[in-house]
Structure formats: C-alpha cells, structure tokens
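The following note sets out numbered remarks for a colleague who is reading the model alongside its sequence. Each point is meant to be read against the coordinates.

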Amino acid sequence: YIKSRIKSYSSFKMEHLDLRSDTVTLPTKEMRSAMSKAKLGDDVFQEDPTVQELEEVAAGMLGKESAIFLPTCTMANLTAIIGHSGKIRFPEMVSYLPTT
C-alpha cells in the first residue's frame, strides 16, 4: 500500500502529512479504509507487513540498506542518544528499547 501511494521517492512531499500529533491530523475516509483493510502482525517479531513495508520505503528514500520504525519521539531520541554515545553497539541498544 505505501509503495503504491508513492510514485517516486524524489517527488514525495512531506507537507501532505502532518504527523506531529494525533490531535493535529484527523484520518480521512481513505485513511480509515486503509487502516481497516491493513494486514496485522506483531512488529516486535517482524510479523507486521505494513511496518516492514514502511521500513523498506524509508530505507529506499534515504538510500540506506534498512530502517527501523520508532513509534514515539521518546523512543527515537533514546535510540539517537545511545547510538551516538559509542558505548553500546546497535544490536545491544535495540534490546533496551521498550516493546510495549
């Protein structure tokens, strides 16, 4: 679904989505329809096809081998701080991230 919505990574414009908060952006009918039809799985065990696709699209847009979905700013900030500290390798760092 995500890949079909983005024709070209270079033409994707973020002004279409304001993801600052769930109180800023209300889902459209199309968004609700997509949510109700989405295949579900546990992203902690890499079983959620939507999260996997989102990570693949993000990696492609950034020209990277892979990407990780961090659902909160707190989780993203913690990941960045630990990653830049140089004291913990990435696989160890991921094990510290909350999963609930």
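**Notes on the predicted model**

1. With a relative accessibility of 21%, E55 counts as partly exposed; in the terms used here, buried means under 20% relative accessible area, exposed over 50%, and partly exposed in between, with a 1.4 Å probe and protein chains only. E55 is placed in helix α3. Leaving aside residues up to four places away in sequence, E55 touches A67, I68 and F69, a contact being heavy atoms within 4.5 Å.

2. The model is a predicted one, in which local features need pLDDT of at least 70 and side-chain atom pairs count only at pLDDT 80 or more, while totals for chains, interfaces and linings use all residues. Residues are numbered from 1 along each chain as its sequence is written, and side-chain values use heavy atoms, with hydrogens and water left out.

3. Which backbone atom lies 2.9 Å from a polar atom of the E55 side chain? The backbone nitrogen of F69 does. Polar contacts are pairs of N or O atoms within 3.5 Å; within protein, one must be able to donate a hydrogen and the other to accept it, and residues adjacent in sequence count only if both atoms are side-chain atoms. For E56 and F69, 13 residues apart along the chain, the C-alpha separation is 10.0 Å. E56 is partly exposed, at a relative accessible area of 46%.

4. Helix α3 covers residues 49–62; helices here are DSSP runs of H or I with at least four residues, strands are E runs of at least two, and both are numbered from the N terminus. With 14 residues, α3 reaches 20 Å from its first C-alpha to its last, close to the 20 Å expected at 1.5 Å a residue; the expected span is 1.5 Å times one less than the number of residues. V51, E53, V57 and A59 are its buried residues.

5. At its start, a side-chain oxygen of D48 comes to within 2.9 Å of the backbone nitrogen of T50. After α3 comes G63, with a positive phi near 70 degrees. Q46 is exposed, at 63% relative accessibility.

6. Helix α4 (residues 73–85) has 13 residues and spans 18 Å from first to last C-alpha, close to the 18 Å expected. M75, T79 and I82 are buried in α4. Seen down the helix axis, the buried residues of α4 fall within an arc of 75 degrees, so they line one face; the arc is that of the directions from the helix axis to the C-beta atoms. The face turned away from this buried side carries the exposed residues C73, T74, I81 and H84. Just after α4, G86 takes a positive phi of about 75 degrees.

7. The protein chain has five helices and zero strands, and buried residues make up 12% of its 100 residues. Its mean pLDDT (the predictor's confidence in each residue, from 0 to 100) is 76, and 65% of residues reach 70 or more. Confidence is highest in α3, at a mean of 90, and lowest in α5 (residues 90–96), at 58. Where pLDDT is low, the predicted coordinates should not be read in detail.
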